[in-house]
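Student: I have a structure open and would like to learn how to read its features. Where do we begin?

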Amino acid sequence: RWTEAQAQELAISLVRGMPIPTIYGYRNEQQQIVVLDGQQRLISLYLYYKGKFIKKKRNGFINAKEKNGGFKNALERWELIDKDYYMEYVMAESGKTRDIDISYNKLDAKTRRIVDFAQLNLVLINVAAEKFKERTIYKIFANLNKGGIPLSTQELRNGIYGCAFYDMLHEINETNGKWRMMYGGNKEKEVNKEGKDVELLLKLCAFRKNVEFANKKPALKNYKGSIKRFLDEFSEQAINFSESDIVSYKEALLKFFDCVEDIDTKKKESLWPGLFVVSERKRFDVRITKEICKRIEESDEYKETNTSGTSSKSDIEARLKYIDEQI
């Protein structure tokens with residue numbers, strides 16, 4: 001998510017022989033280095049050496065999640081354009097400034113040696129205690145991420161909890177036209193660069209696992225007053241989901257999408273999870289229309305459970321109960 005100007009500043013630092021901030025990582029089970037902090041610097045370095053940058057677009061960013069072919073193939077999927085990199089130079093005699101081209105392929109031999117032999121420091125963090133590894137890495141990642149361009153909560157999860165279940169969520173998020181319509185009102189709408197759309201899919205699945213109905217009364221398990229913590233802990237569990245578990249979640253999501261007809265709601269974050277679990281409870285034999293959603297959202301009973309950015313367990317359960325009575 002670095003801007004063109006930030007990538008150029010990194011190139012200027014290289015040419016001037018200035019230190020580059022440390023890269024932090026850890027070794028995984030295959031003894032590969034997993035980058036915790038510094039991915040944007042590494043991508044920008046790669047683009048500088050190649051003389052490229054991302055083609056400007058409204059939602060421009062690089063998603064480096066690539067199963068086959070790795071990092072290089074992930075970049076190839078994006079529209080990369082040729083770019084010249086410049087640096088302001090002060091002339092000693094006159095004190096005037098001018099821009100000089102510092103693109104890597106145009107450097108003279110001496111300057112290129114400065115760049116080629118620049119030192120890039122890597123600190124490897126020892127992540128012990130396998131049982132709590134993901135939780136530990138998440139905290140380290142979050143602390144390191146306080147500088148630069150902070151990543152969203154879901155971007156942090158994508159980096160830490162990547163697994164087959166997450167691959168399924170990303171596939172649906174990126175390719176399912178009905179979901180794109182439900183989230184953004186447009187089949188062609190690009191994925192949210194902060195991951196808010198895939199976070200909503202994650203939330204649906206977390207509710208599916210943790211909501212139970214007994215005599216039409218919903219009960220929410222494993223919720224400790226924070227949606228963030230709720231989704232973090234569910235993501236940690238999802239790493240160990242079996243293939244059949246993942247298929248079950250995917251099929252449930254697709255069946256839910258089929259229940260949704262024309263839709264126009266601004267309360268997606270609070271409304272969709274409830275509609276999802278209630279629809280499954282009714283074996284997806286329901287029709288969710290714009291009128292039903294509007295009636296729910298405008299009712300006093302629903303508004304009372306949805307008045308602030310945070311929700312108590314009892315508020316969420318009351319919301320689920322009301323949705324269950326309406327469809």
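Student: In what sense do strand β5 and strand β6 pair, and over how many bridges?

Tutor: This is a predicted model, so what follows is read from predicted coordinates. Strands β5 (residues 86–90) and β6 (residues 97–101) are antiparallel, with 5 bridges between them. Within that pair, Y89 is opposite R98 of β6. The hairpin has 6 residues between the strands, and G95 there adopts a positive phi near 80°.

Student: What is the order of strands in the open sheet of 3 strands?

Tutor: The order is β2-β1-β7, and the pairing is mixed. β2 and β7 are the edge strands, since each of them pairs on one side only. From one strand to the next, the twist averages 40°. β1 (residues 23–27) pairs with β2 in the antiparallel sense over 4 bridges.

Student: Which helix lies across β1 and β2?

Tutor: That is α2 (residues 39–50), which runs at about 110° to β2.

Student: How should I think about side chains in a strand?

Tutor: In a regular strand they alternate between the two faces of the sheet. For the case here, turn to the surface.

Student: Which residues form the nonpolar patch on the surface?

Tutor: The patch consists of I33, V35, L42, L120, L122 and L124, with about 430 Å² of accessible area together. Two elements give two or more residues to it: β2 (33–37) and β7 (122–124). Take L122, in strand β7: its relative accessibility is 41%, so it counts as partly exposed.

Student: Now charges. How many salt bridges does the model have?

Tutor: The general idea is that side chains of opposite charge can pair when their charged atoms come close. Here the count is 20 salt bridges. One of them joins K224 and E233, at 3.6 Å from N to O. Another joins D232 and K228, at 2.9 Å.

Student: Why are D232 and K228 separated by about one helical turn?

Tutor: Because they are 4 residues apart in helix α10 (residues 227–238). D232 is buried, at 9% relative accessible area, whereas K228 is partly exposed, at 40%.

Student: Which parts does the pair of D324 and R281 tie together?

Tutor: Their side chains form a salt bridge of 3.0 Å, N to O. D324 belongs to helix α15 (residues 313–326) and R281 to helix α12, so the pair links parts 43 residues apart in sequence. D324 is buried, with 6% relative accessible area, and R281 is partly exposed, with 33%. Salt bridges can also share partners: R157, E199, K228 and D232 are joined this way into one network.

Student: Is G274 buried or exposed?

Tutor: G274 is buried, at 2% relative accessible area, and lies in helix α12. Leaving out residues up to four places away in sequence, G274 touches L320 and I323. G274 and D324 are 50 residues apart in sequence, yet their C-alpha atoms are 8.0 Å apart.

Student: What is S279 in contact with, its neighbours within four places in sequence aside?

Tutor: Its contacts are F256, F284, D285, V286, I288 and I327. S279 is in helix α12 (residues 268–281) and counts as buried, at 0% relative accessibility. For contrast, look at D258 in helix α11 (residues 243–259). D258 is exposed, at 65%. D258 and I288 are 30 residues apart in sequence and 9.3 Å apart in space, C-alpha to C-alpha.

Notes: Residues numbered from 1 in each chain as written. Predicted model: local features only at pLDDT ≥ 70, side-chain atom pairs only at ≥ 80, totals over all residues. Heavy atoms only, no water. Patch = residues over 30% accessible without salt bridge, like charges linked within 9 Å, V, L, I, M, F, W, Y side chains within 5 Å. Areas by Shrake-Rupley, 256 points an atom, 1.4 Å probe, with all protein chains shown as cover. Salt bridge = Lys/Arg side-chain N within 4 Å of Asp/Glu carboxyl O. Buried < 20%, exposed > 50% of the residue type's maximum accessible area, 1.4 Å probe, protein only. Pairing = 2+ DSSP bridges. Axes fitted to C-alpha atoms, helices over the stretch in contact; angles between N-to-C directions. Contact = heavy atoms within 4.5 Å.
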